[in-house]
Each structure stands twice: as C-alpha cells, then as structure tokens.
Amino acid sequence: MIIAEKKPIEEIIKEVEEFDRLLILGCNECVTVCEAGGKKEVEILASVLRMHFIKEGKEKKIDERTLQRQCDHEYLEEIRDVIDQYDAVLSLACGVGVQFLAEKYLSTPMLPGVNTICLGANEERGVWTERCQACGECVLARTAGICPISRCAKRVLNGPCGGSSNGKCEINKDLDCAWQLIIDRLKALDRMDEYEQIASIKDWSTERAGGPRTVIREDVQV
Amino acid sequence: MSLKTSSKLEKILYTAKEQGHFAVTSECGPPRGSDPEAVTKKGALIKDYVDCVNITDNQTSMTRMCSLAACVHLKQMGIEPVLQMVTRDRNRIALQSDILGAASFDIHNILCLTGDHQSFGDCAQGQNVHDLDSMQLIQTVRHMRDEGKFLGGDDIKRPPDMFVGAAANPFADPFEIRVPRLAKKIACGVEFIQTQCIYNLDKFEEWMKRIRERGLHEKVYILAGMTPMKSAGMAKFMKNRVPGMDVPDEVIKRLAGVEKKKQSQEGIDICVEAMLRLKEVEGVAGFHVMAIEWEEKVPEIVERSGLYPRPEV
Amino acid sequence: MRLKSPTNFRIIRLPCTGKIDVIHILRAFEKGVDGVYVVGCMEGECHFTTGNFRARKRVEQAASLLDKIGVGGERVKMYNLSAADGPLAAEYAIEMDKKIRELGPSPVRMAKQNMAKAA
C-alpha cells in the first residue's frame, strides 16, 4: 500500500491561510490504514484548523468529507455538486489523489495535506516500512523474495557492499542490510549457490528514469 | 598467458613469481580544492617507493577534486596512477566517459567500487546514482577493453587499455560470503584486488587459505592492505567505530603499552612486522600501503619490509 | 465518600478511557472549554488491558496539537488512579482546577466571545 505521513500543521496552515471556504477531503484506503488521511485524521485536522483560525479572528468555513478513494473518477464525481462551495480543497489522499482531483476540478485549488512516502507494508501498528520501488521489472525470484532495489540504500544488485555491518546498513544501524537478509534467506532455502550468479546490469528505463509510466490493457478497455 | 594491458602494475604482478618480488601500491586523497600541488607533493614523497598510487574518488562522500584530474597530475610527474571509481555519483554514460577520459591520458589502472553512502559526506541531501554496482562496473571496463565496445553496442575508437581492480574486505560481514564474493568479482573479470587494511593476521591467513582452496589466488592478484596505526587512540577508534575493521586487542595493548610519543613508531613497527609475515603467505602478490595524511612514512615502511628498491619493468 | 472537589467540572463517564478518541478532546476545546482531564486506571490494571495506554497516547497527541496552535497542551492531562481511590481523585481535580485557573481562559473561548461581541 501507499504510505503517507501527515504534513506538519504549520505547513498546512500556511497552505490554507488565504482560503475562506475549505473542504478537507480524506481517503478511505491507504492513508486510512497508515493513519494519515482517513476520516479520523480529517476530523482532527478540521477541528485543529478551526480553533487556530478562530483564535486568529479569521473564522473559516471548514467542512469534512471522506471518499472511498481519490484515484478513481467515480468517487471523485461524488463531490461535483458541492465543489463550488469551496475556495480550495485540502486533500489528505496520497499524491495520486491530490493530482487526480486537480485534473477533475480545474477551477478549485487542490492542496496536499500529507507527504506521500513510499510503497510499503504494515509491520505493526504505527510502523510502516518500504518494500517496493516500482522499478517495473521485478527481480524477487532471484533474490529470495527480498528486494535489493527498495531495501538497499545503494540498490546494489550484487551485494552486499562493504558497509554492511552485523546485518545492518552503514547509514542507519536500525536498518537491516538487504543483502544480509537475502543471504540469510538463501541459506534457509538451501540455495546459497545462487549467490554467485551475477545479476546483470539493470534496464532502468522501466522505472522513473524512463519517464512517467502508463499501463494500458486493451483487453479490458471497452 | 601474457600481459593484457600496458599497466606497470600488471607487469610487476605478472613477473612477481618468477622474479621473486612483490608489488607495492599506495594511496592519496585529492584535496578539497583545486590546488594540484596538494597531489603532487604527496606523490613526490612516495614516488620511488611504490609501483603505483591510487587516487580516491570523493572518499566518504566528501566532495573533492575528482580522481581523474588528480590521476592526470600524478601521471604528468611520472607516477603510474590507479583511478578509483565509485558508482555512487555517475551513471553508465558518465562512467564510460570518464574511463575513456582516463584512457586518453594513458591511465592504465582502475579500481571499481560502490562508494560510501552520500549521507556520510558534505552533500547528504543529494541524489545517489548507482546505475551500475561495482561488479557491473568491473564487467563494463572489461567489455570496453576486450570487446572494444560501449555498453550500448557501438565500437569504441581506441578502447581503454586498463588493468581492472576491485576491493575486498576479509573482515566484513557476513564472513561466510567473503570468498564467494571474491569468486563473483573474479567471474565479473577483476584482475587485481586490494584488501581493506589488515591487523588480524590470523583471520587474514584463514581467508587466504579458503581462497587457495578454491584456486582463486591463481585467478586474481591479491594485494594486502596495510595502514600503520598512529596511536592507541587511533587503534581503538578503528576497532569500535569503523565498520568492517578487525583490530585485535593485542594490537591495542601493544600500542597502549608504550608512551604516547613512541606510539606512532610502534604502529609502524607493527605494520612492518605484519608485512614481513604476510610476504610468506602463498597468494599474497603485493601490498597496498595506505598511510593517508602520513605519506612521509611510506618510504620507511617499504624499506624495512625489504621491498626497496622497486623493480624496474 | 462525599469529598470536596471543584463544581465547575463536567464529568463524562466511560466504560474505559480507551474509548476516548483525539477528536473528543479537540471538540471540547473547539466548543470553548478551558481544560480537559482524563482519569483512567493504574497502568497495568486496565480492565480491558491496554485501554489506558491508548488513552495516554491520544491525550499526548491532543496536547501536542493544542501546543502547536497556541491553545496550550498543558490544558489536557491524563491521570491514573485506582477506582477505589476517592481522595486521590479529588486531589487531582483540585490540582487540575488550580492549573487551569492559572493558565486562564482558553484562547479559543476568548476569540469566540470577541467574535460574538463584534457581530
């Protein structure tokens, strides 16, 4: 899922200051799971912003709404009948949602309320960690199910680098060395002989470097 | 088998067995500025005592004069350089381009490395590249040299004439893959190895034993890394704060056992004794003496280890 | 026990402090209260095991937000005590009352009053 983090309140206040009528729009999926932009977070943010602006003597209309998700036309359409009541929308969805809104409602400024961080997993309540960099060409079959591109700070494909120490990465001793994990797993799977297979130079054109990506499935298009 | 490059280092290593000598290399860090004398002065101190000199590449991610330029300065004063190249800062276009740039100045040696993470240096907010990793860089240089082609497939006019090296750390984690990792680098085409500096001689000899068991010592030239300790404090620091470093307690005890102003000499003695011992280890083809910011001690170390004068090739 | 405790407190009873959400605390301040205090069981003695731990985290979150917008995080606090400890409950109430009086009326309340006057 997409992991996001709430933007600092000071930053949000600056973003919305100039607008008198505001809609805070949450999303019921990824940002709800990582407790950054769901219905609860919308309520809290709305309450805090109301109190802040009341104190400043600048009372604003601050409404709350949460959509199922903001990356699908059908859900974004649900606010079409109310969008003109607002001077701006503060979206707590990931960067995808904010942009999709902006493309749909051209005359309403769309503001981000969270920082989108990564694609990751929910390790435990309150801890979300990166697992995938969307490189476009998955190598997990060759690395015992552990991704060196997203979990190695240097994305070495023939690792570990010389900085691996006690199974931890040189940049942070709380960060596991991806290659140590790969080696441990290869051992557990009794496939250590695969370690010496050389991973060839990667074609990075399928990742960000190659430009924004599009997937088209003609077989499902109507 | 014959020589594959015009490298002086290769020639010395190639003739080492029959002529009974060892190769000696050393290392210089370029300045954090553009003064070439910062390089040439260090070079002058060690010129006659080593076969070639590595120039580090933005070591620990601190921005410095580029390795290529510093190598050119060394070349112009008659010292054979080893171009260290990390994959952190350059994509495959720039890597190949710099290799050709070095080759245009007839720089015949390259050391292929990954590079420390940029968060250690002065540009922690910068991007890192890692378009290739160090193993793939080894493959790239060999491809450019032996096939005479760019990675993209086109022919190279005047392919690089370079002897390809890499680093190895017998003391890094995890220990069990130290030898497979070397085997992998050899499979990628590496021709010489410089190791991380050695203080635990027993562990190093164990590593060499496992390398010999797989016959790897006959497929690659291994130069043992040596760095003299300046003080007991330095030894403790390296033991506790530098990852991948194995400093036995006896070394620290020995340094701490002499008065402070004699410790640096003791450090040099330890280094020389280690080199004399390692000369007897089968598979050790030479030494990589790293006395960073202490280059003036290299002559003494080389002389006392019985490695002076350097052979004429 | 009939003990003396301040009468300007509105008591909201819950089966467990774990039922409190951050929004409940914030809404109270939005409506103009000067302080909120949460009283839960001793840590380790929660009837529902972790309810009071969750409540503490939520109180801290609310306090942090109130600090950031200048209302004052000291206006919300969590106390832990045994359900049987009447005297301590009264003591905490007095302590909280004293502290809030020292802090003065909530800036949100003042602002709302000013706005109403100006209208």
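**Surface, contacts and charged pairs**

Author: Phe120(B) is partly exposed, since its relative accessible area is 42%, where buried means under 20% relative accessible area, exposed over 50%, and partly exposed in between, with a 1.4 Å probe and protein chains only. This is a predicted model, in which local features need pLDDT of at least 70 and side-chain atom pairs count only at pLDDT 80 or more, while totals for chains, interfaces and linings use all residues. Residues are numbered from 1 along each chain as its sequence is written, chains are lettered from A and ligands numbered from 1 in the order in which they are written, and side-chain values use heavy atoms, with hydrogens and water left out.

Reader: Which residues form a nonpolar patch on the surface with Phe120(B)?

Author: Phe120(B) sits in the loop between strand S4 (109–113) and helix H6 (134–147) of chain B, where helices (H or I, at least four residues) and strands (E, at least two) are DSSP runs, numbered from the N terminus. Patches are made of residues with over 30% relative accessible area and no salt bridge, like charges being joined within 9 Å and nonpolar side chains (Val, Leu, Ile, Met, Phe, Trp, Tyr) within 5 Å. The patch has about 230 Å² of accessible area together, by the Shrake-Rupley method with a 1.4 Å probe, where for residues only the protein chains shown count as cover.

Reader: Which chains have the most contacts among the two pairs that touch?

Author: Contact means heavy atoms within 4.5 Å, and no contact joins chain B and chain C, whose closest C-alpha atoms lie 27 Å apart. Between chain A and chain C, 18 residues of chain A are in contact with 20 residues of chain C, whereas the contact of chain A with chain B takes 27 residues from chain A and 31 residues from chain B. The pair with the most contacts is chains A and B.

Reader: How much area is buried between chain A and chain B?

Author: The size of an interface is often given as the accessible area lost when the parts come together. Buried area is here the accessible area (1.4 Å probe) that two parts lose on being put together, summed over both. For chain A and chain C this comes to about 1600 Å², with 68% of it on carbon and sulfur atoms. For chain A and chain B, carbon and sulfur atoms give 52% of a buried area of about 2500 Å².

Reader: How many salt bridges are there between chain A and chain C?

Author: A salt bridge is a side-chain nitrogen of Lys or Arg within 4 Å of a carboxyl oxygen of Asp or Glu. Arg27(C) makes such a bridge with Glu43(A), their closest N and O atoms being 3.5 Å apart. Across the interface of chain A and chain B there are two salt bridges, and between chain A and chain C the count is three.

Reader: How many residues apart are Lys42(B) and Glu293(B)?

Author: The side chains of Lys42(B) and Glu293(B) meet in a salt bridge, 3.2 Å from N to O. This pair links distant parts of the chain, with Lys42(B) in helix H3 (residues 37–46) of chain B and Glu293(B) in the loop between strand S8 (284–289) and helix H12 (298–304) of chain B. Lys42(B) is buried, because its relative accessible area is 13%.

Reader: Which residue does Pro174(B) follow through a cis peptide bond, joined at an omega of about -15°?

Author: Most residues other than glycine have a negative phi, and most peptide bonds are trans. Pro174(B) lies in the loop between strand S5 (163–168) and helix H7 (178–188) of chain B. The residue joined to Pro174(B) by the cis peptide bond is Asp173(B).

Reader: Is Ser61(B) buried or exposed?

Author: Ser61(B) has a positive phi of about 60° although it is not a glycine, and it is found in the loop between strand S2 (52–55) and helix H4 (67–76) of chain B. Its relative accessible area is 7%, so Ser61(B) counts as buried.
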